[in-house]
Amino acid sequence: MDHTNTSFPPSRSATLKDVGGRGLSPAARAKVDRILNACQERPDIEALVQLAISKHGLVHDEVRRKAWPILLGYSSNGVSSPGHNADWHDLPRHKDEDQVRLDVDRSFIYYPKSWYYSICHDRLYRLVDLIADETDRQLDRRKKELSAVITQVLRTHPMLSYFQGFHDIVQVFLLVLGADDAPASVSRLSLLRIRDFMLPSLSASLAHLRLLPSILQAEDASLCHHLSQTQPFFALAATICLYAHDIEEYGDIARLFDFLLAHGAVVSLYFFAVIVLSRREELFDIPADEPEMLHSVLSKLPKPLDLEALISDTMSLYGRYPPESLPFRAWSKISPFSVLKTTQGNFRQQTLSDGVGLFEKQVAQLHREQLLEHAKATLWKYRRPSRRVGLVIFVGVMAFCLRRYDYESYATSAFQRLLAYLRIMGR
C-alpha cells in the first residue's frame, strides 16, 4: 500500500488487515475478534465494556470505528447517523465560532506526529517517511475538517456553549472516526456525556470538582486533609477536556478514551483522584500551608503516565467507593440533571432529544440558583433586624415558587416585588 495516502483515517470499508492488522500479536488478534463479535447488529454492550476496560483497550483504530459509536449509544453505518445534518452550512452562525477558529488554528500540536507513529508501529514503516508526508496542505485540510465537525455540532445544537478544550476532544474523534462519522459521535458526546461543560456558565463544571475531595477522603483521609487548603480547581483543565490536552501520545489518549467511553462521566473524576493518590509522597513533601505550590503541581499531570495501572486502580477505587457512598453527602449535592448522574445505569438508550431536555432543565436550575443567590446577597445587604424577618419570609416564599412554578414567568415579578419591598424598608 502506498503510505503517502495515510494522512487521514482509512475508510469504513477497510478491513483490519488492510490497515496493518498483520502487525498484531496472536493475543491481540484474538481480542480484536472478540471486540468485533461484540459489535454485531445486536451489540453485546456488557462484553464490549469489559473489553474496553481490559489491558490495551480496543487495540486498534479500525476496531474503535465500530466500537466507539456503540459505546456512545448508537450503531454507526456511516449513513444518516444520529446527529448528522447535511444542511448544517445553511444554519445560523453560532455565537462561539470566532473562538472555535482561534482554537482550531493552534490544534494538532501533538497528535499528527504521534498518530503517524502509531501507524508506523503497526505497518513497520519508517517514522521519518510518514512525518514527511504531513505537508502544510494536509495539515490545513485536517484543521478545516476539525472546524467543520465542531461548527456542525454547534450549529445543529445552538444551545451548546463552546469551551476551550472542546477542540482537543473533537480532534481525537476526528482522527479515529474520520470527518464523515465524527459529527454524530461528537453530538452524542456533547449532549449526553459532557453536557455540563457546555452550559452557559461554569457552575456545573465546578460542581464536578467538588466530588474530588470526597473521593480522596474515602481512600486517604490524611492526604485529603493535607490538600484541604487547596481548592480542587487544579483538576478542571484535565477533566474538562477528558485529558486530551495533557496526554501527548495519540495511542495513549485513544486508549484512555476507550476506558472513559465505557463508563459514566463520573469515572473521569475517579481517574484524576487515582493520579493524585499516586503522587502521595511528592505531595507530602510540599507543606500544606503552600496551597499555591500544591495547586501548581496538581494542575500538571505527571509524565509518563502508566495508563494501564491507572485504569486498573481507577476501577478498584470506584468499586470500593461508588459515588453514592462518598462522604460529606457529596453525591446528594450533585444535580439530578448532571451528566454525573444521568450517565449512571442504562444511559446508552438516551436520545439526543433526551439530552436537549436535560440541558434545558439544567439551565432552568442554574437560573433558579442564581436568583436565590442574588436574594441571599440582598438579604445580607439589608440585614438590619427590623427588615430581616420580612425579607427572610419573602425569599423563602420566592424559593418555593421558583421550585414549584415556571421560574422564568415568576422571576421578573418576584424581583420587582423584592426591590419594591427594599425601597419601602429603606425609607
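Guide: What follows is a set of labels, each set against its definition.

Guide: This is a predicted model, in which local features need pLDDT of at least 70 and side-chain atom pairs count only at pLDDT 80 or more, while totals for chains, interfaces and linings use all residues. Residues are numbered from 1 along each chain as its sequence is written, and side-chain values use heavy atoms, leaving out hydrogens and water.

Visitor: What makes up the secondary structure of the protein?

Guide: The protein has 22 helices and zero strands. Helices (H or I, at least four residues) and strands (E, at least two) are DSSP runs, numbered from the N terminus.

Visitor: Why is Y270 called buried?

Guide: Buried means under 20% relative accessible area, exposed over 50%, and partly exposed in between (1.4 Å probe, protein chains only). Y270 has 0% relative accessibility, so Y270 counts as buried.

Visitor: And why is Y318 called partly exposed?

Guide: Y318 has 22% relative accessibility, so it counts as partly exposed.

Visitor: How do you know that Y270 and Y318 form an edge-to-face pair?

Guide: Rings of Phe, Tyr and Trp (its six-membered ring) pair if their centres lie within 6.5 Å; planes under 30 degrees apart count as stacked, over 60 as edge-to-face and the rest as tilted. For Y270 and Y318 the centres are 5.0 Å apart and the planes stand at 70°, so the pair is edge-to-face. Y270 sits in helix α15 and Y318 in helix α18 (residues 307-320), 48 residues apart.

Visitor: What makes F234 and F272 a stacked pair?

Guide: Their centres are 6.0 Å apart, with 25° between the planes; therefore the pair is stacked. F234 lies in the loop between α12 (221-226) and α13 (236-240), F272 in helix α15, and 38 residues separate them. Both F234 and F272 are buried.

Visitor: How many aromatic pairs are there in the whole structure?

Guide: A search finds nine. Y162, F163, F166 and F197 form one aromatic cluster.

Visitor: Why is R142 said to lie over the face of F108?

Guide: A charge sits over a ring if NZ of Lys or CZ of Arg is within 6 Å of the ring centre and within 35 degrees of the ring normal. R142 is at 5.3 Å from the ring centre of F108. The charged end of K341 likewise sits over the ring of W331, 5.4 Å from its centre.

Visitor: Which residues touch the most other members of the largest nonpolar core?

Guide: A nonpolar core is a set of buried Ala, Val, Leu, Ile, Met, Phe, Trp, Tyr and Cys residues joined through side-chain atoms within 4.5 Å. The largest has 107 residues, and W68, F173, Y243 and F257 touch the most other members. Helix α15 (residues 267-278) gives the largest share, ten residues.

Visitor: What makes helix α9 mostly covered?

Guide: Eleven of the eleven residues in α9 (residues 182-192) are buried. Among them are R188 and S190.

Visitor: Why is F328 called partly exposed?

Guide: F328 has 47% relative accessibility, so F328 counts as partly exposed. F328 also has a positive phi, about 65°, although it is not a glycine.
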